[in-house]
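The report below examines selected elements and residues of one model. Please read it alongside the sequence and the coordinates.

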Amino acid sequence: MKAFILLPQRTASPGIRRFSVSVQAYRDKNIAIVGGGAAGFYTAARLLAKTQDVNIDIFEQLPTPYGLVRFGVAPDHPEVKNCTTKFDQVSGSPRVRYFGNIQVGRQLALEKLRSAYDGVVLSYGASEDRKLGIPGEDGADGKWGVVPARQFVAWYNGLPEAQGLDVDLKSFDRVVIVGHGNVALDCARILLTEPSELASTDITAHALETLRGSNVRHVEMIGRRGPLQVAFTTKELREMTKIPALDFICDRDLVASECAKWAEWLDASRSLKRMMDLLTKHAVNAGHSGRKSFTLSFLKSPVEVLADQAAPQRIRFQINRLEGPVDAARAVGTGEFVDVPCGLILRSIGYASTPLDGAPFDGRRKIIPNIAGRATDNGKLVPGLYAAGWVKRGPVGVIATTMQDAYRTADAVIMDLVQAQGQPREAIDQMLSESGVLSSCVTNAQWKRLEAFEAEAGQSTGKPREKVTNIQQMLSIVK
Amino acid sequence: MYRGPVATYQRKAQQQQQQQRLWSVQQASRFTTSALISKDVTVTFIEPDGNEIQATGEEGTNLMELAHENDVDLEGACEGACACSTCHVILDDNVFDSLPEPTDEENDMLDLAFGLTDTSRLGCQVLLTSDMEGMRIKLPSATRNFYVDGAKPSHH
């Protein structure tokens, strides 16, 4: 939107003040956001709320927006997805445009965005995961080995590129999950919940079918440190205690001795204390035969995946002891080992971001180097480039964390925009048209049509939506 | 597994209790001209920068809804389903003490709230009552410790 400001100007005339009027074109500021997930939308929301003159274009590589809110949040946590109401308000603003099905770095170079927009915010999250780095991880015959929990979650949540995952839940009754975070707990819960309970969620039809045919009765979640170093939160742990006819097993003596050893520190840590109370109240040392079980195991680091006689495979762990202060405890190998026979092994030790062509990247921490959201390259600020969300501070935190993080980045953008030149939106459209963006993108209106299609498809089976899991199918529905 | 419905059920149960109380007051005062139909309660929100906003709402409204109706700068990502911590508010000591204990579900969410205090509650789980007339509700400071050098914060 163009507006004109009349500026009085003083003419250089000695003694007499005379004013002439000059007219300047007032230009909007334009921001590009790369990645249409929670971080991208909350950055946009803050920009909308705190400015009058900033236009925002959100680029998302998938046709569908929302990122992990759609593909990460568990199907049985629908209320967590209520945040999309705010995202829709953002997309619905005349100052915001959504360009789905556009991969920045491939069909649209970052350089083009940086030259066309007054600022570019990178909020593309983490699409890889950390490997265990142990022999046998990739499977001997390509069948077993270790599957990333990220991929398992993406599979049951309908991410198109994960639909080819071939999960065998039939051949054996025990699954091992390596990792002590919320993603690991989500996987355990989905594997141990009665499939009929999941039938009314937006889990994919294919995943539900697979779970209905599952023979998995025991899930063991194993981490390298102790009970006071776990990364998951009490809410998710509590949900495990609420699954009917499930034995919640862990080493009660270890929990008790750790709690006693660090009692003073624990008293000052409200969330951890409540979690230990929960464990103490619900966990048993051993399960009952015939009942499903969830085992929380501590002080074990995986060293190798091997073949087994009775089970599809087994995973060997080294037993650890802890050294150092409780809030920075180190796992030290004791030289003792234990094997766990199992079918599926999931690794859940963290997501990881990947570099984007044209942007700096910290290969060690796997994030865009930044200072409070302003991107840096070898310590120097990169003007006009910002980061928000997991790609900014690492793959940790819940939606609320990302919200606050995105707001801080947006505030930095707003501060810097004071100096920006701005240009009419039409000038940017020239570049977008030439890059083929305008012809191949999925607009917000088109996404809404897909959303309605999914909702209707879910109605006949009592689900909030039946997700379309194939990109070609999505495009044929909306175009 | 489903926490939304539990929290919603409890909230609706609370609302029902309050509405029943109001109804019986209505019945009792049917023949008086000063019948209490629905009591409006006025409270003050204090935003992190010190800005004070007075808000009036009906008994039974939750504090998050009340804040949103009065343009108070309070978030509410999960829209009152007790599935996030973004509507976290800090109450006066005496009001906090007079309320029923938070549920496990609410406490689980409060565990993750920024700037948690001894009198913190989730706004969506606290319903207005006439006893709260004049109460002051503080919004927590939104500052967060950012570790620029990569140091890791201890468990929250």
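Helix 14 of chain A covers residues 399–417, where helices are DSSP runs of H or I with at least four residues, strands are runs of E with at least two, and both are numbered from the N terminus. Its 19 residues should span 27 Å at 1.5 Å a residue, and the end C-alpha atoms lie 26 Å apart, which agrees; the expected span is 1.5 Å times one less than the number of residues. Because 15 of the 19 residues are buried, helix 14 of chain A is largely enclosed by the rest of the structure; buried means under 20% relative accessible area, exposed over 50%, and partly exposed in between, with a 1.4 Å probe and protein chains only.

## Basis of the model

This is a predicted model, in which local features need pLDDT of at least 70 and side-chain atom pairs count only at pLDDT 80 or more, while totals for chains, interfaces and linings use all residues. Residues are numbered from 1 along each chain as its sequence is written, chains are lettered from A and ligands numbered from 1 in the order in which they are written, and side-chain values use heavy atoms, leaving out hydrogens and water.

## The six-stranded sheet

Six strands of chain A form an open sheet in the order 8-16-9-10-12-11, with parallel pairing; two strands pair if DSSP finds at least two bridges between them. Strand 8 (146–148) and strand 11 (246–250) of chain A stand at the edges with a single partner strand each, so one side of each has no neighbour in the sheet. From one strand to the next, the twist averages 20°, with axes fitted as lines to C-alpha atoms, for helices over the stretch in contact, and angles running from 0 to 180 degrees between N-to-C directions.

Strand 8 of chain A runs parallel to strand 16 (residues 345–347) of chain A, and three bridges join them; Val146(A) has Ile345(A) as its bridge partner in strand 16. Helix 5 (residues 149–156) of chain A lies across both strands, at about 60° to strand 8.

## Two buried residues

Asp57(A), in strand 4 (residues 54–59) of chain A, counts as buried at 3% relative accessibility. Among the residues that Asp57(A) touches are Arg97(A), Tyr117(A) and Arg425(A), contact meaning heavy atoms within 4.5 Å.

Thr204(A) belongs to the loop between helix 7 (195–198) and helix 8 (205–212) of chain A, and is buried, with a relative accessible area of 3%. Its contacts, not counting residues up to four places away in sequence, include Trp155(A), Tyr156(A) and Lys463(A).
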